[in-house]
Number of protein chains: 2
Amino acid sequence: MSIEPTPPNLENDGIENDVERVSADFDRVHSLCEILEPAFEQIENGTPLEDAPLRDKLTELTVLLSELHPADVAAVLESLPPRERNIVWILVKPEDDGEVLLEVSDAVRETLIESMDKDELLAAVDDLDADELAELADDLPHQVVYEALQTRDEEERAQVKAAMSYEDNQVGAIMDFELVSIRADVACEVVLRYLRRFERLPDHTDKIFVVDENDVLQGVLPIRKLLVADPEDLVENVMAKDVVRFRAEDDVEEAAQAFERYDLVTAPVVDDGKRLIGRITVDEMVDVIREESEADMLNMAGLQEEEDLFAPVWDSVKNRWTWLAVNLCTAFVASRVIGAFEGSIEKIVALAALMPIVAGIGGNSGNQTITMIVRAMAMGQLTDTQAGRLLKKEVGVALANGIIWGTVMGAVSWLLYGSLGIGLVMIAAMTLNLLLAATVGVLIPVIMEKFGRDPALGSSVLITAVTDSGGFLIFLGLATLFLL
Amino acid sequence: MSIEPTPPNLENDGIENDVERVSADFDRVHSLCEILEPAFEQIENGTPLEDAPLRDKLTELTVLLSELHPADVAAVLESLPPRERNIVWILVKPEDDGEVLLEVSDAVRETLIESMDKDELLAAVDDLDADELAELADDLPHQVVYEALQTRDEEERAQVKAAMSYEDNQVGAIMDFELVSIRADVACEVVLRYLRRFERLPDHTDKIFVVDENDVLQGVLPIRKLLVADPEDLVENVMAKDVVRFRAEDDVEEAAQAFERYDLVTAPVVDDGKRLIGRITVDEMVDVIREESEADMLNMAGLQEEEDLFAPVWDSVKNRWTWLAVNLCTAFVASRVIGAFEGSIEKIVALAALMPIVAGIGGNSGNQTITMIVRAMAMGQLTDTQAGRLLKKEVGVALANGIIWGTVMGAVSWLLYGSLGIGLVMIAAMTLNLLLAATVGVLIPVIMEKFGRDPALGSSVLITAVTDSGGFLIFLGLATLFLL
């Protein structure tokens with residue numbers, strides 16, 4: 001773990017922005033990879049390249065990669081197709097391997113681990129902390145995990161096992177065991193002397209945890225306070241007693257929300273006896289927030305999980321399979337609804353041309369509603385009592401939109417087909433379908449959440465299903481009733 | 001600004017999780033608000049309530065609110081409809097007003113500021129730092145900003161004006177002027193003595209900035225290193241020289257990505273002469289990440305901006321107006337496409353029932369593609385050279401899906417309508433429309449980004465437009481060619 005992020009070469013490049021510099025490095029990596037791609041087999045086998053210019057490119061790429069922060073290497077790997085990704089992975093410094101594996105997405109991690117043999121994997125995880133090893137463990141071959149554990153001491157083995165016993169969405173799975181704790185009855189000066197005996201303090205140490213003789217959490221001593229405190233002062237007089245703390249079983253998304261609200265950098269994790277067992281840090285929470293919003297976005301669109309950009313075609317097909325199948329089923333239902341009105345369409349063929357307008361606006365408006373609700377739920381802003389009120393409001397919005405846009409399209413249809421009846425049916429059908437969209441747009445996520453499902457999951461596909469079939473039914477039904 | 005988040009009552013409630021406690025408080029606030037809502041006018045006018053039980057509820061609510069962290073108060077305000085929101089806002093401690101205004105969303109902030117008079121506003125912003133005042137300034141009446149500036153000293157006025165001169169998406173707009181800087185040629189011991197003279201250190205102080213006599217940034221001294229360093233050591237021997245630093249003109253989203261990648265807590269902001277002018281902190285970056293992913297999600301669904309959940313109906317109508325209009329126009333185009341084939345539909349009415357299936361699967365699959373691309377762009381994983389390759393991959397996925405699902409639906413149509421021709425047209429049309437969806441799904445965001453537009457903006461509406469009109473055209477066109 002790097003003590004301080006140290007992107008290299010910074011002194012040489014003037015005032016150029018770091019982000020721009022990294023982005024330029026990325027472009028260079030991409031073009032070097034493209035040049036080296038034909039030599040993939042030799043590079044993989046470790047055969048020296050015969051072509052001198054190509055050899056130079058390989059050296060340049062190796063140097064460039066060695067200067068990148070492991071997190072940047074991870075980002076580069078994400079953005080490369082399989083063969084070029086493998087070239088980069090072969091050239092990465094072995095001591096960075098573990099860090100990079102921690103940083104990449106699950107999908108890419110799998111492809112990288114597949115390309116490594118047991119010894120490479122053992123070397124990669126050798127430097128990792130217990131919590132980091134636990135994070136990778138699920139993706140590693142059992143034998144590697146077993147052998148990696150043998151090299152650890154008793155305490156670390158217990159930590160790895162503890163961390164692995166939690167679900168991915170629990171605080172315990174991402175908690176960090178490296179922390180500094182002290183007693184309440186010592187002077188600040190003593191604490192400072194104690195800290196000086198460490199070779200290095202854990203990353204993100206913004207507070208020291210104060211515990212009693214049974215490790216029960218008493219409070220926290222923010223470093224900011226320790227630094228300005230009178231050296232004679234006792235820790236118990238300086239520490240904060242009201243502490244935001246978590247249990248290992250808590251939901252990580254709720255923890256992330258607390259970090260966001262209370263601007264935390266680290267927070268203690270305690271067991272049922274209030275004993276300090278670990279801590280969580282803001283960098284993990286940032287990842288949780290990013291992943292959570294992404295998952296919502298992907299889920300709404302009907303993608304099962306984050307997908308490796310350059311996954312093999314077949315993997316992508318499988319990832320998108322389920323929701324496409326659901327979509328086809330719902331489209332088939334909508335098609336049967338239309339089929340039931342084939343007689344009406346034969347008589348007034350204009351109905352066929354107008355019906356997608358009614359279905360479309362319902363889908364669009366329903367998606368707007370459902371997106372708002374999913375977002376409010378993700379922010380914890382929506383309680384049960386609120387759902388009823390929101391429904392009322394959304395119905396109001398739908399009514400307004402229905403009357404406005406319904407009238408517009410009604411008038412257009414009247415002019416186009418010279419039938420006032422068609423115009424009036426248009427207004428009524430659009431308004432009714434918008435009302436349906438609003439109602440279902442509120443109810444789908446609320447019901448999903450009630451049943452413990454992710455409210456974002458395929459919500460877009462579901463709402464479209466309802467507004468399509470519903471829209472066709474309403475429009476063709478009204479037309480059959482009033483126009484035939 | 002609170003020194004340390006201090007949710008109250010924590011010692012009394014056993015090991016109960018903080019998040020759960022806050023959520024219970026929220027529910028209580030909601031039910032108290034509902035009870036008090038009828039007495040809204042009296043509470044607003046400050047008239048004492050005659051009804052004793054109601055008075056008790058009001059006291060309970062006031063106490064409850066006074067115990068909540070300002071960020072929690074902000075979340076409560078977001079989740080309440082207008083009148084109840086106003087009751088809560090009246091009861092919030094005046095000294096928390098400024099903090100709460102900083103925490104709420106823009107939409108809610110507007111409604112809160114509208115309900116306050118000049119003196120209340122001046123009192124609310126009185127305790128804020130320069131950067132915080134600048135953040136609120138755009139939403140405050142000019143007169144309030146002017147008078148608030150008069151109470152500040154010259155330096156702070158300059159800071160407020162500097163911060164206000166940046167765009168919302170620039171680092172300068174969210175940078176913090178409160179920081180600690182030292183010289184490189186002093187001993188660590190001296191630094192510790194210097195820090196002890198502060199009454200309090202700025203929030204999130206995880207490093208001290210090292211500058212020369214012209215304020216040019218030399219490096220940073222992480223507190224973690226300072227604490228374990230030999231007191232005699234000079235700062236220049238302990239500090240990190242390779243520093244991730246930003247310019248005030250940099251894009252906040254890029255800065256947030258750097259925070260995420262390099263696990264930063266604070267980072268220096270420098271001007272063109274490398275002089276230190278401020279710093280940015282991880283809590284702001286967390287907000288940026290949250291807002292960015294939300295904006296993407298809202299934009300994709302065709303919502304203009306984050307919407308106050310309980311905005312008046314009319315405001316919501318206006319927020320969703322544009323994209324609904326765009327959707328109607330595109331739906332109208334699709335409708336005219338169908339209109340052009342009315343003759344074919346009159347002859348084979350089954351076409352009317354089958355055409356939404358072709359359009360629907362294209363829209364669904366296109367949305368999957370576009371969501372993936374938008375996400376990759378947001379993560380900075382997609383460069384120009386990659387776009388061409390991705391297109392190839394997506395086309396491959398579309399081809400596979402088209403052949404699989406096209407065959408399924410083709411067989412179903414054949415069975416249903418007893419016409420092999422219809423089945424074959426189904427297969428061809430679905431495959432072609434999926435190919436169209438894949439192509440446009442990659443091209444829309446790439447082109448949007450080329451023209452400096454947000455790739456997420458209304459992308460869902462646009463792709464659906466293409467796959468609808470395209471799907472109808474392909475299916476009805478093929479049917480007309482081969483079946484009539």
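Predicted model: local features only at pLDDT ≥ 70, side-chain atom pairs only at ≥ 80, totals over all residues.
**Notebook: the A/B interface**

I started with the contact count: 158 residues of chain A touch 158 residues of chain B.

Next I looked up the buried area. Chain A and chain B bury about 14,000 Å² between them, and 62% of that is on carbon and sulfur atoms. I also checked who loses the most area on the chain A side: A:Arg224, A:Arg290 and A:Leu309 do, and together they make up 6% of what that side buries.

Then symmetry. How does chain A superpose on chain B? I get a rotation of 180° with 0.0 Å of shift along its axis, at an RMSD of 0.1 Å. That is how a two-fold axis relates copies. Both copies use the same surface, as 100% of the contact residues of chain A recur in chain B.

I counted 14 salt bridges across the interface of chain A and chain B.

Which helix of chain A gives the most to the side that touches chain B? I found helix α20, residues 350-378, with 19 residues. Last, I sorted the residues on the side of chain A that touches chain B: 83 are nonpolar, 28 polar and 47 charged.

Technical notes. Residues numbered from 1 in each chain as written. Chains lettered and ligands numbered in written order. Heavy atoms only, no water. Least-squares fit on C-alpha atoms with pLDDT ≥ 70 in both. Contact = heavy atoms within 4.5 Å. Buried area = accessible area lost by both parts, 1.4 Å probe. Salt bridge = Lys/Arg side-chain N within 4 Å of Asp/Glu carboxyl O. Helix = DSSP H or I, 4+ residues; strand = E, 2+ residues; numbered from the N terminus. Nonpolar A, V, L, I, M, F, W, Y, C, P; charged D, E, K, R; others polar.
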